[in-house]
Amino acid sequence: MKRRERGGFWVGLTATILYPVTWLLARRRTAGGTIPAEGPALLIMNHPSHLDPVLDAVFVHQQRRVPRFFAKHSLWRVLVVGSVFRATGQIPVYRGTSAAGDSLRAGDTALEEGKVVVIYPEGTLTHDEDGWPVLGRTGAARLALAHDVPIIPVVRWGTKAILDAPRKRFRPLPRKTVDFLIGEPLDLSAFRSRPVDRELLQEVTDLILLRLQELLGTLRGETPPGLRPGQAA
């Protein structure tokens, strides 16, 4: 068994709380590849439900790593939550402010320090009613191009059946199954010699979303819809 990454008191306490909570919410199954046992990695994941970060945190911890997520900076002002986020090394996102670039720089630092960083390329819940990742922001592409680390696509399906915020549905019973599928690392070697401009970021963002759709199609046994025209900055 691979050695567990040390996360400290707050990571251990959070795991103690989240494991039984997520067990009550859903059975979890994982298939596909693996997460590196040590060193940096960028996990790029789909995001159809507000429950995703909770299940994803447990998923990464079960791989014996400590996840670092991007999350809205307003959460850092919530009592207890902010303290836990700071103590566990989570990354605040400052959208629409002069500090917006600090989020990616914090992600850069985490990867340079050998951490596992989790990013949702859509930046928020998917815009697709059926839960497909169809429209991405460029943050995931920027991080992926800036670091020669494993870029691992991971999809998960089942959380939307429990909590579907757009439709205002919360259905914890009967207990559902949430499936994870770990894809092979993305090969971005063909892109790394090019200047990082908007065209390149668009191409890599599209590649990321299409790979997530392909994996999700395999998990769901369905044909992906393709990408939605347009690009969120």
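**Figure 1. Aspartate 52 and arginine 156, both buried.** Buried stands for under 20% relative accessible area, exposed for over 50% and partly exposed for the range in between (1.4 Å probe, protein chains only). The model is predicted, local features need pLDDT of at least 70, side-chain atom pairs count only at pLDDT 80 or more, and totals for chains, interfaces and linings use all residues. Residues are numbered from 1 along each chain as its sequence is written, and side-chain values use heavy atoms, with hydrogens and water left out. The side chains of aspartate 52 and arginine 156 form a salt bridge at 3.5 Å, N to O; the term requires a side-chain nitrogen of Lys or Arg within 4 Å of a carboxyl oxygen of Asp or Glu. Aspartate 52 belongs to helix α2 (residues 52-62) and arginine 156 to strand β6 (residues 151-157), so the pair ties together parts that are 104 residues apart in sequence. Helices (H or I, at least four residues) and strands (E, at least two) are DSSP runs, numbered from the N terminus.

**Figure 2. Salt bridges of aspartate 164 with lysine 160 and arginine 167.** For lysine 160, the closest N and O atoms are 3.2 Å apart; for arginine 167, they are 2.9 Å apart. Aspartate 164 has a relative accessible area of 5% and is therefore buried. Lysine 160 is buried too, whereas arginine 167, at 36% relative accessibility, is partly exposed.

**Figure 3. A salt-bridge network of Glu5, Arg65 and Arg68.** The count for the model comes to 10 salt bridges.

**Figure 4. Aromatic pairs, of which the model has 3.** Rings of Phe, Tyr and Trp (its six-membered ring) pair if their centres lie within 6.5 Å; planes under 30 degrees apart count as stacked, over 60 as edge-to-face and the rest as tilted. The ring centres of phenylalanine 9 and tryptophan 10 are 5.4 Å apart with planes at 80°, so this pair is edge-to-face. Phenylalanine 9 is exposed at 61% relative accessibility, and tryptophan 10 is partly exposed at 34%. For phenylalanine 69 and tyrosine 120, centres 6.5 Å apart and planes at 40° make the pair tilted. Phenylalanine 69 lies in strand β3 (residues 67-72) and tyrosine 120 in the loop between β5 (116-119) and α5 (139-146), so the pair ties together parts 51 residues apart in sequence. Phenylalanine 69 is buried at 9% relative accessible area, as is tyrosine 120 at 11%.

**Figure 5. Arginine 220 over the rings of tryptophan 132 and tryptophan 157.** The charged end of arginine 220 is 4.2 Å from the ring centre of tryptophan 132 and 3.9 Å from that of tryptophan 157. A charge sits over a ring if NZ of Lys or CZ of Arg is within 6 Å of the ring centre and within 35 degrees of the ring normal.
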